[in-house]
Structure formats: C-alpha cells, structure tokens
Amino acid sequence: MKTKQKNPNALGFKSYLGTTLMGLTDGLVNGLMTSFFMIYLTDYAGLGAFGAVVGGTILVLARVFDAVNDPLEGWIMDRAKVGKYGKYKPFIILSIIMQAVGAGCLFFIPPIQNKVMICIWIILFYLVYDMGASFFAPNLIYRSMTLDSNQRGKLMIAPRLVGMMMGMVTAGLIAMVNGVNAMVGNMHNAFGLTVLALLAFATVFSLLGISMVKEKHHAAEDETEESKVKLTDFFLLIKENKALRVRILDTVFSGFIWTFLFSTCLYYIKWGICADLATGAVDDGAYGTYSMIASMLMFVPLLLGTVVAAPLMKKFGSPIRFNRFLLLLQAIPCGVLFVLQIVGVLHSLPMVFLICMAITATAIGAGFMPGTTIDMECMDYEIYIHGKDRSALCNAFTKFVNKAQGALANSVIGFLLIAIGYVVDSTTGDFAGDIAKMPSMLNWFIVIMGLIPCIFGLVAWFIDGKYPITDEVRADMKEKLQ
C-alpha cells in the first residue's frame, strides 16, 4: 500500500504560534511610538514645550540617521552566515530586546532637572529603539521557513491580526493610565508604570514565540564577490527598478494618510471634543472613553478591511487597480473632516469625526493585501529584469519609509505645538497655555489630519497610474520565474 508523503514545506501549529507571538513587542512599541510619543513628552513627562522641541528635532534627525542605518542593517542581514539558530532569528531576538529597552526608557523619563541630560537620555534610548526596529524583518523569516507560497501567505495572517490587537491594547492606554493614576496619584509615574508592565508582558511572549521558529531554507552561500549583495545595490534598485520607484513614491505619499490621521486624532479629541475651550480643563473620563473608541474605530476597521480585501482584489483583477480605488476611499473622508472643521461644526459632531476615521481605516486595512502583493511584485520584478535577488534591501526601503513617515508626522505636530506655545499641566493634564490660541490650534490639527492626507492620497492615486507591471507583464514575469 502506497503511503502518503508528508509535504516538506508544510508548517505545524508551533510555527504559526511562534511567528504570531514574536511580533507582540514590535506591535506594541509601534503603537506606542506612533500614537503616544509626542503626547507623552508634552503632557506627561513634565517637559511641556521643551518636550515638543526635543521630540520634534529628534524625530527629524533620526530619519537622517535611518538613511544610513537602515540600508546598512539590511546589508548586514543579507551578508550574515547561517548559524546554529538560523540566519535571521538572532536579529529578531536582538530587535525584541532593543525595542523593549528603548521604549521602556522613552516612556518613563526620570525627573531630571538638567535639560542636557534629558536630551541625552531621550536621544540614547530613541536610537536603541530605532536600531532595534530596523532589525525586525519578519518577511525574511517567513521566506526561510517554507518555499510554499500558500504557506507563506498563511504565515502573514495571524501576525497581522495580532499587530492590530496590540493596537487595540494601546487604544486603551489612557484609560489604563487613569486607573493606575488613581492608585499612585501622579500621571507621569502612572504612564511609565503602565507602559513598563505592557512591555514586560509583550517581551516575554515575543521571546517565547521566536524560540519556536525554525528556519529551514536558505540560498547556497556563494563566496565570490560578484554574487554577494553590496551596499551600492541599494541605490541601483532605485535607479533600475521602475516598479519599485513607483511603489516607493506611492508609499511616501499614501503612508502619511495613516500617520498624520492617527498621530493627530488624540490631540483633536482631547482639546476639540473633551476640553472646555474657555478654561482649558479636560474631562479625563470623556477623554479616556473617546480615545479608546477612536483607537478601536481605527483598528477594528483595519481588521475588517483585511478580511474583505482578498475577494475584492479578485473582483478588481489586479492589485494596482484595487490599490488606486482604496486611495480614493482613504482621501475623501479626510477631506470631509477638513471641510467640517472650516465651517465650524466638527467639534459638535464627534460621531461624524469617528465615522470618517473608521472609513479611512477600513480602506487602509484593505490596502494591506494589494500593497503587500505589489511589494512582492517589485522584488520579483527585480529578479525578472536583472536576475539578482535583493529582497532584504527592498525590505530596508520599506522600513525606512515607514519610520520616516511616523516620525515626520509626530515632528510636524511637535513644531506646531511649539509655535502656539503649547503648555500642559503634567499633573492634571489640563491646558496651561494661552487659551485664546486653542481654536487656531484645532484648525491646524485638522489641516494635518484632514487636508494634507486628502491631497497626498490623490497624489498617490496619480503616481500609481505609472506602475509598469501590467497584466501582460505580470503573466510573462510569472511564467519566466516559474
């Protein structure tokens, strides 16, 4: 009797659980840095306007650092030898530890009076976090675990959902901080203790997860210099791969829709919906509730968008056509927010505010699948036109652009807060600056989270029209690669 042979590329439950858990710390830290870094510095670290100056400046300068560091780390990973624990697994472990340490120290700044020492503290641990984030490259792990494309696709689903769940955890951060503050009586300490507890939990399970992962497939190591990936390949990718150029330009603009909207919404909710504009006093209960609802309405639609993306993309016939439709669906609600603020009614329509955010988030969530497919097409296109695999360097591009967008969004807010003389009582959380400037501040928040994302979404839609991989090219590329 003929026995059925086991598929050597099939993955077991342990592999799926491991890749799911290993991203807990990265997901948590990403949510913290995207949504709360600037608001922590300005409102809870006791730094006020100085926190906005330091935070905004660091976020801009860090992107200059990333322009060198990200391709360098991608090159280091590409050139690494396959060791006892694999090729990429040690970098994931390093990333988990560095991100946890960096974020923990950034969100629990000690009460140092010397401003120079405060700057050194923030810069040092921001770099620890930033370098750790660059080493987190799960796609490279997925590729080394199996050669089966269906198995690889399945590997992405659970980590994506867990990443959203960690976003939901951060959605309730203010409410959790308020609960801890009821016990310790200090918002600064409550914020730090809450973040440290969350990071400790995530780090333990992330390390447990990566310990379950086993790398199986690596390309044969060729020691000739011609075959090795070089740092200069980073620039050749931009010069020679038109599909990648279009994708990067699209991402440069479209990525700001999420970062500008999400990094600004908590400020608008706090001061536009939950604060008394006559006194600057904040209703902490309402702020905790609305901030949780807003964040949930960002992440739950992301989940919904991810679920419905596959059948919808099939209807559109190609990832680029589906992506262009979703860009319009992201841009229009942001434009609606801007118009409603300009006519002076948005602050009295919190549900409309939340619905517009939810529509945009759903479109962004649905965009994950066509976006990821386009990313992989760009890697395939590089092999198709040049016969050389530079996937890790392609991943470095993605890392750099994503971090640059998140940092720039926060720094823009920081410089705006500096300009209006933003001052918050770190003990009570109430506005302590010039009350007369609050209406103007709210208008600028909506420019950042409404008008700019609307314009950028339309620009990205136009750029995607130049994408060179047509249906005919895609079919020929697939045939030749097979």
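Helices (H or I, at least four residues) and strands (E, at least two) are DSSP runs, numbered from the N terminus. Isoleucine 359 lies in one such run, helix H15. The model is predicted, and local features need pLDDT of at least 70, side-chain atom pairs count only at pLDDT 80 or more, and totals for chains, interfaces and linings use all residues. Residues are numbered from 1 along each chain as its sequence is written, and side-chain values use heavy atoms, with hydrogens and water left out.

Isoleucine 359 is partly exposed, at a relative accessible area of 37%. Here, buried means under 20% relative accessible area, exposed means over 50%, and partly exposed is in between (1.4 Å probe, protein chains only). Isoleucine 359 belongs to a nonpolar surface patch with Phe325, Leu329, Met351 and Ile355. Together these residues have about 440 Å² of accessible area. Accessible areas come from the Shrake-Rupley method with a 1.4 Å probe; for residues, only the protein chains shown count as cover. Patch residues have over 30% relative accessible area and no salt bridge; nonpolar side chains (Val, Leu, Ile, Met, Phe, Trp, Tyr) are joined within 5 Å, like charges within 9 Å. Two helices, H14 (319-342) and H15 (350-366), each supply at least two residues of the patch. The largest share, 3 residues, comes from H15.

H14 also packs against another helix. The axes of H14 and helix H16 (residues 368-386) come within 9 Å and cross at roughly 135°. H14 is therefore oblique to H16. Their crossing is left-handed. Axes are lines fitted to C-alpha atoms, for helices over the stretch in contact, and angles run from 0 to 180 degrees between N-to-C directions. Angles under 35 degrees count as roughly parallel, over 145 as roughly antiparallel, 65 to 115 as roughly perpendicular and the rest as oblique. A crossing is left-handed if the near helix is turned anticlockwise from the far one by less than a right angle, and right-handed if clockwise.

The axes of helix H2 (residues 24-35) and helix H5 (residues 89-106) come within 10 Å and cross at roughly 30°. H2 and H5 are therefore roughly parallel to each other. The crossing of H2 and H5 is left-handed.

Side chains of opposite charge can pair when their charged atoms come close. A salt bridge is a side-chain nitrogen of Lys or Arg within 4 Å of a carboxyl oxygen of Asp or Glu. The count comes to 4 salt bridges. One of them joins lysine 270 and aspartate 43 (2.7 Å, N to O). This pair links distant parts of the chain: lysine 270 is in helix H12 (residues 242-273), aspartate 43 is in helix H3 (residues 37-44), and 227 residues separate them. Both lysine 270 and aspartate 43 are buried.

Another salt bridge pairs arginine 247 with aspartate 250 (3.3 Å, N to O). Both residues lie in helix H12, 3 residues apart, about one turn of the helix. Arginine 247 counts as buried at 13% relative accessibility. Aspartate 250 is buried too, with a relative accessible area of 1%.

In helix H19 (residues 471-481), aspartate 471 and arginine 474 are 3 residues apart, so about one helical turn separates them. Their side chains meet in a salt bridge (2.9 Å, N to O). Aspartate 471 is partly exposed, with a relative accessible area of 36%, whereas arginine 474 counts as buried at 17%. Salt bridges that share partners join Arg321, Asp471 and Arg474 into one network.
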